[in-house]
Amino acid sequence: MRGLDGRSLPTPLIVASNHCSHLDPPLVGSFFPGELCYLAKEELFQNPFMGWMLTHLGACPVRREDAQGAGGVMRLMLKILRDGRSLLIFPEGTRSLDGRLKPLEEGVAFLSLKANVPILPVFVRGTFEAFPKGAKMPRRGSITLNFGEIITPEPFVDANGNGKEARGKLLSTLEESLRGLGRDL
């Protein structure tokens, strides 16, 4: 694990990580020095061990039907942030099929600007090799987490508040940070 080195982190905070494996949420949650909430597909909770682990790591189950209505999910995430809780987000939207960072979706930038909450970029390497999408069991391997510099939303707010241009600039900065963190490993 690299990058936190005793830093004091603001709360609430959006932790934005790349996503290659079901291992990513519990790993980031385990090594983050604070409580994190994140959303997980309801069916992941059907396995008793996985359900117990996800619950104890701060996961909130979301039904697939609810996830189809992005507005409801965004309202839930805004509520979590406004309640003062930090939130783990995978801005690619789904797991990578090849281990490489995919284009980021705008939701993370929208949440940061709307709730005025900073973003902590995190890059996880090795989980794709250890437990890729479709694998039945994890394999042994080396896994590294690299935490970046906090990105505050204030410099991206434009005269119109949190418009499309502001979201685009914030998203671009986050993507650049994640790519850099991936190269640093």
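**Close-up 1. Leu-54 sits in helix 2, which spans residues 48-56.** Helices here are DSSP runs of H or I with at least four residues, strands are runs of E with at least two, and both are numbered from the N terminus. This is a predicted model, in which local features need pLDDT of at least 70, side-chain atom pairs count only at pLDDT 80 or more, and totals for chains, interfaces and linings use all residues. Residues are numbered from 1 along each chain as its sequence is written, and side-chain values use heavy atoms, with hydrogens and water left out. Is Leu-54 buried or exposed? With a relative accessible area of 4%, Leu-54 is buried (buried means under 20%, exposed over 50%, partly exposed in between, using a 1.4 Å probe and protein chains only). Leaving aside neighbours within four places in sequence, Leu-54 is in contact with Tyr-38, Leu-44, Phe-45 and Ala-59; contact means heavy atoms within 4.5 Å. Look across to Glu-106, 52 residues apart from Leu-54 along the chain: their C-alpha atoms are separated by 25 Å.

**Close-up 2. The largest nonpolar core has 28 residues.** A nonpolar core is a set of buried Ala, Val, Leu, Ile, Met, Phe, Trp, Tyr and Cys residues joined through side-chain atoms within 4.5 Å. Ile-14, Val-108, Leu-111, Ile-119 and Leu-174 have the most contacts inside this core. At least two core residues come from each of strand 1 (14-17), helix 4 (70-82), strand 4 (86-89), helix 5 (107-115) and helix 7 (164-184). Helix 4 gives the most, with 6 residues. Beyond its neighbours within four places in sequence, Ile-14 has several contacts, among them Leu-81, Leu-87, Ile-89, Val-117 and Leu-120. A second, separate core of 21 residues includes Leu-9, Val-28, Leu-57 and Phe-147.

**Close-up 3. Helix 5 and helix 7 pack together at an angle of about 115°.** Two packed helices are described by the angle between their axes and the distance between the axes. In this pair, the axes are 9 Å apart. Axes are lines fitted to C-alpha atoms, for helices over the stretch in contact, and angles run from 0 to 180 degrees between N-to-C directions. The angle makes helix 5 roughly perpendicular to helix 7 (under 35 degrees is roughly parallel, over 145 roughly antiparallel, 65 to 115 roughly perpendicular and the rest oblique). Which residues make the contact? Helix 5 brings Val-108, Ala-109, Phe-110, Ser-112 and Leu-113, while helix 7 brings Ala-166, Arg-167, Leu-170, Leu-171 and Leu-174.

**Close-up 4. Helix 1, residues 24-31, is largely enclosed by the rest of the structure, because 6 of its 8 residues are buried.** The buried ones are Asp-24, Pro-25, Pro-26, Leu-27, Val-28 and Gly-29.

**Close-up 5. The structure holds 0 disulfides.** A disulfide is a pair of cysteine sulfur atoms within 2.5 Å. Cys-37 is in no disulfide, and the nearest cysteine sulfur, that of Cys-60, is 3.2 Å away. Cys-37 counts as buried at 1% relative accessibility, and Cys-20 counts as buried at 3%.

**Close-up 6. Two backbone details: a cis peptide bond joins Thr-11 and Pro-12, and Asn-116 has a positive phi.** Most residues other than glycine have a negative phi, and most peptide bonds are trans. For the bond between Thr-11 and Pro-12, omega is about -5°, and Pro-12 lies in the segment before strand 1. Phi of Asn-116 is near 55°. Asn-116 belongs to the loop between helix 5 and strand 5 (119-125) and, at 47% relative accessibility, counts as partly exposed.
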